[in-house]
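Trainee: I am new to this structure. Please show me how to read it, one feature at a time.

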Amino acid sequence: MKILMVCLGNICRSPLAEGIMRHLAEKKGLDWEIDSAGTGSWHIGDPPDHRSVKEAHRQGIDISGLRGRQFQVKDFDTFDRIYVMDRSNYGDVLRKARDEADKAKVRFLLPNEAEVPDPWYDDALFAPVYKLIYQACENIADKG
Ligand code: 4NP
């Protein structure tokens, strides 16, 4: 399975989701391809936010080598599932969908269309955001 994790900047939430999903796929022996992207263009080529790098490192996951990139229409061709963090990412990605098959690939990472809060302006959110993302990724790894 090929999974793309999407947030706004591709430096806080989706690199955490990519790193955690990679970690869990390896741990559970799943031959999955995992990537992440942002709907915005501000952080193309940037490493993840240092607060995300630190939180992941604290949990034994190294995301320091990831680099930001922007979501592209051709990602609908490459990936089977596209997980978004919040309602605004959902709208931004769906607007780029070319047909129903593209739209069907887009899902909220959290159950019941709950949102992963954007931690950019609040240092205290990185730890809870990590936990939310970890739990969601574990559910995906276990249930598919
Ligand atoms: P992310 O967080 O979408 O989780 O990567 C953000 C990162 C950067 C900005 C906003 C959100 N920004 O405005 O640059």
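Trainee: Where does the ligand sit?

Mentor: This is a predicted model. In it, the ligand sits in the largest pocket.

Trainee: Which polar atoms lie by an oxygen atom of the ligand?

Mentor: Look for N or O pairs within 3.5 Å. A polar backbone atom of C12 is 2.9 Å from a ligand oxygen. R13 places a polar side-chain atom 2.8 Å from an oxygen of the ligand. For H43, a polar side-chain atom also lies 2.8 Å from a ligand oxygen.

Trainee: How much of the ligand does the protein bury?

Mentor: Start with the ligand alone, which exposes 360 Å². The protein buries 90% of that.

Trainee: Now the strands. How do β1 and β2 run, and how many bridges join them?

Mentor: Strand β1 covers residues 2-7, and strand β2 covers residues 33-38. They run parallel, joined by six bridges. In one of the pairs, K2 has E33 in β2 as its bridge partner.

Terms used
Residues numbered from 1 in each chain as written. Predicted model: local features only at pLDDT ≥ 70, side-chain atom pairs only at ≥ 80, totals over all residues. Heavy atoms only, no water. Pairing = 2+ DSSP bridges. Helix = DSSP H or I, 4+ residues; strand = E, 2+ residues; numbered from the N terminus. Polar contact = N/O pair within 3.5 Å; in protein donor to acceptor, adjacent residues only side chain to side chain. Areas by Shrake-Rupley, 256 points an atom, 1.4 Å probe, with all protein chains shown as cover. 1 Å grid on protein atoms, 1.4 Å probe; cavity = no way out; pocket = protein on both sides within 12 Å on 5 of 7 lines; lining within 4 Å. Sits in = over half its atoms within 2 Å of the grid points.
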